[in-house]
Amino acid sequence: MRIVSAAAVLAAAVAWWRRARPVTRVTVSGVSMVPELAPGDRLVAVRWPVLELGDLVVFRDPELPDRVLVKRVSRLHATSIEVRGDNEGPSRDSREFGPVDRRAVLGRAVYRYHPSARAGSITRRGRYDGRSRR
């Protein structure tokens with residue numbers, strides 16, 4: 001009988017978790033999510049099985065697939081979501097390009113790691129009410 005080391009089991013579990021829940025890192029540019037997110041903020045997003053109203057999501061722009069956007073979930077549909085920026089004036093969101101296919105979502109933003117003074121977990125912000133968050 002072969003004994004498997006705890007380190008090998010841990011390494012296998014981490015590898016499985018990363019495949020099951022891919023991690024995406026993004027840098028915020030623009031002011032569409034101010035005050036929640038500022039230009040230069042760096043985020044970690046994790047593929048999440050269930051999205052809820054108020055989640056911050058990272059997704060491929062429906063019209064410019066090479067571009068990645070960060071917005072708040074404002075409506076949920078069976079196969080798509082609607083997203084809005086907290087700072088709606090300069091935000092390019094579902095009001096412009098319509099619902100986002102759930103397959104375009106790279107993950108839910110869960111942690112800000114830069115700048116260090118603002119580092120920490122990103123939590124859901126209640127039910128989105130469709131108004132600017134200023």
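User: How many cavities of 30 Å³ or more does a search of the whole structure find?
Analyst: The search finds one cavity of 30 Å³ or more. A cavity is, on a 1 Å grid over the protein atoms alone, a set of points where a 1.4 Å probe fits but cannot get out; a pocket is an open set with protein on both sides within 12 Å along at least five of seven lines. The model is a predicted one: local features need pLDDT of at least 70, and side-chain atom pairs count only at pLDDT 80 or more, whereas totals for chains, interfaces and linings use all residues. Residues are numbered from 1 along each chain as its sequence is written, and side-chain values use heavy atoms, with hydrogens and water left out.

User: Which residues line the largest cavity?
Analyst: Its lining consists of Gly54, Asp55, Leu56, Arg72, Arg108, Ala109, Ile122, Thr123 and Arg124; lining residues have an atom within 4 Å of a point. By class there are three nonpolar, two polar and four charged residues. Here Ala, Val, Leu, Ile, Met, Phe, Trp, Tyr, Cys and Pro count as nonpolar, Asp, Glu, Lys and Arg as charged, and the others, Gly among them, as polar.

User: And how much space lies in the largest cavity?
Analyst: About 30 Å³. A volume is the space filled by probe spheres set on the grid points, which are joined across faces, edges and corners.

User: Arg108 is in that lining. Is arginine 108 buried or exposed?
Analyst: Arginine 108 counts as buried because its relative accessibility is 12%; buried means under 20% relative accessible area, exposed over 50%, and partly exposed in between (1.4 Å probe, protein chains only). Arginine 108 is found in strand E7.

User: What about the largest pocket: how much space lies in it?
Analyst: The largest pocket holds about 270 Å³ of space. It is lined by 17 residues, and Ser29, Ser32, Arg67, Leu69 and Val70 lie nearest its centre. Strand E1 (23–27) and strand E4 (68–76) are the elements that give two or more residues to this lining.

User: Which element gives the most to that lining?
Analyst: E4 does, with four residues. The lining of the largest pocket divides into nine nonpolar, five polar and three charged residues.

User: Stepping back, how many helices and strands are there?
Analyst: The protein has two helices and eight strands. Helices (H or I, at least four residues) and strands (E, at least two) are DSSP runs, numbered from the N terminus. From the N terminus on, the order is α-β-β-β-β-β-α-β-β-β.

User: What share of the residues is buried?
Analyst: Of the 134 residues in the protein, 40% are buried. One of the buried residues is phenylalanine 59, with a relative accessible area of 0%.

User: Where is phenylalanine 59, and which residues does it touch?
Analyst: Phenylalanine 59 is in strand E3. Apart from residues up to four places away in sequence, phenylalanine 59 touches Arg67, Val68, Leu69, Lys71, Val83, Phe97, Val100, Ala104, Val105 and Leu106.

User: Now glutamate 63: where is it placed?
Analyst: Glutamate 63 is in the loop between strand E3 (56–60) and E4. With a relative accessible area of 45%, glutamate 63 is partly exposed. Beyond residues up to four places away in sequence, glutamate 63 touches Arg92, Glu96 and Phe97.

User: With which side chain does the side chain of glutamate 63 make a polar contact?
Analyst: The partner is the side chain of arginine 92, at 2.4 Å. A polar contact is a pair of N or O atoms within 3.5 Å; within protein, one must be able to donate a hydrogen and the other to accept it, and residues adjacent in sequence count only if both atoms are side-chain atoms.

How values were computed:
Contact = heavy atoms within 4.5 Å.
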